[in-house]
Amino acid sequence: MKIATFNINNINKRLHNLMAWLAKAQPDVVCLQELKAEQQAFPAGALRDLGYQGVWLGERSWNGVAIYARDCEPVLTRSSLPGNLDDRQARYIEAAVSGVLISSIYLPNGNPQPGPKFDYKLAWFERLIEHGAELMKAGVPVVLAGDYNVVPTVQDIYPTRSLDNNALIQPQSRQAYARLLAQGWTDALRKLQPEGPLWTFWDYERNRWALDKGMRLDHFLLSPAVRGQLVHGGVDRWVRGEENASDHAPAWIVLDR
């Protein structure tokens with residue numbers, strides 16, 4: 001079972017890029033983030049033509065998450081993160097696919113910090129930690145996939161001091177991610193490649209793609225019920241080099257199920 005996560009950064013603007021990658025990579029499940037399309041504008045027909053069915057949560061101009069599966073239909077279990085009924089931002093969706101509970105996460109960026117956006121990021125992270133604890137208690141196979149907007153450690157970003165004030169690398173952001181892991185989740189890509197860079201994001205600015213100045217923002221966290229099935233994974237870096245590319249590349253794992 002091949003599961004991918006891809007921050008597409010505007011699905012309608014980059015539909016050709018998405019379709020070309022899906023046709024080549026053929027993941028069984030793909031979690032998408034930053035759709036930047038309202039619910040009715042999601043290109044479900046184009047994905048259906050490639051054999052993918054799914055669930056999505058759109059939001060006009062911003063955010064948006066989806067879970068799509070090949071040759072089967074995901075069963076929606078949750079379309080928001082619990083803990084704040086007033087939060088309408090489309091950042092979390094969860095579905096059952098072939099016996100695995102899968103989430104697509106688009107955690108808030110949090111910049112500029114300090115400030116209300118960073119406060120929202122940390123509050124959202126707390127809700128994710130609480131929900132993660134509930135999922136752990138259930139003991140079922142879970143994959144928490146998506147763009148976490150956090151660089152977990154110093155090895156997950158190119159050497160620089162220019163981003164010292166960035167919300168992605170603040171101690172509070174890293175500590176929240178570490179607290180989530182401490183519940184018993186396995187960071188799948190780091191387990192497969194304990195050392196060295198695993199960039200999934202290269203900013204459009206300052207020629208960072210050409211200079212390979214990237215960072216790791218996109219993660220798969222596996223519950224104990226599924227971590228023993230992890231056999232392979234990686235990042236499809238070539239997608240970032242295509243014309244009209246997202247600033248993220250798709251990441252993927254393979255579970256032996």
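Predicted model: local features only at pLDDT ≥ 70, side-chain atom pairs only at ≥ 80, totals over all residues.
Keep H3 selected and check its length. With 23 residues at 1.5 Å a residue, H3 should span 33 Å, and its end C-alpha atoms are 33 Å apart, so the two values agree.

Now show the side chains of H3. Which residues of H3 are buried? They are Phe-118, Lys-121, Trp-124, Phe-125, Arg-127, Leu-128, Ile-129, His-131, Gly-132, Leu-135 and Met-136. The elements that cover these buried residues include E5, E6, E7 and E8, along with H4 and helix H6 (224-227).

Six strands form an open sheet in the order E5-E6-E7-E8-E10-E9, with mixed pairing. Strand E5 (75-78) and strand E9 (186-187) are at the edges; each has a single partner strand, so one side of each has no neighbour in the sheet.

Within this sheet, pick out strand E7 (residues 100-106) and strand E8 (residues 142-147). E7 and E8 are paired in the parallel sense, over six bridges. Click on Leu-101 and look across to E8: Val-142 stands opposite.

Move to helix H4, residues 171-181. Helix H4 lies across E9 and strand E10 (218-222), and runs at about 25° to E10.

The next stop is strand E1, residues 2-7. How many of the six residues of E1 are buried? Six of the six are, so E1 is largely enclosed by the rest of the structure. In a regular strand, side chains alternate between the two faces of the sheet.

Strand E12 (residues 251-255) runs antiparallel to E1 and is joined to it by four bridges. Here Lys-2 has Val-254 in E12 as its bridge partner. Strand E2 (residues 29-33) pairs with E1 in the parallel sense, over five bridges. In this pair, Thr-5 has Cys-31 in E2 as its bridge partner.

To finish, trace the chain from E1 to E2. The path goes through helix H1 (residues 15-25), and this β-α-β crossover is right-handed.

How values were computed: Residues numbered from 1 in each chain as written. Heavy atoms only, no water. Pairing = 2+ DSSP bridges. Helix = DSSP H or I, 4+ residues; strand = E, 2+ residues; numbered from the N terminus. Contact = heavy atoms within 4.5 Å. Axes fitted to C-alpha atoms, helices over the stretch in contact; angles between N-to-C directions. Buried < 20%, exposed > 50% of the residue type's maximum accessible area, 1.4 Å probe, protein only. Right-handed = clockwise from strand over helix to strand, strands pointing away. Expected span 1.5 Å × (residues − 1).
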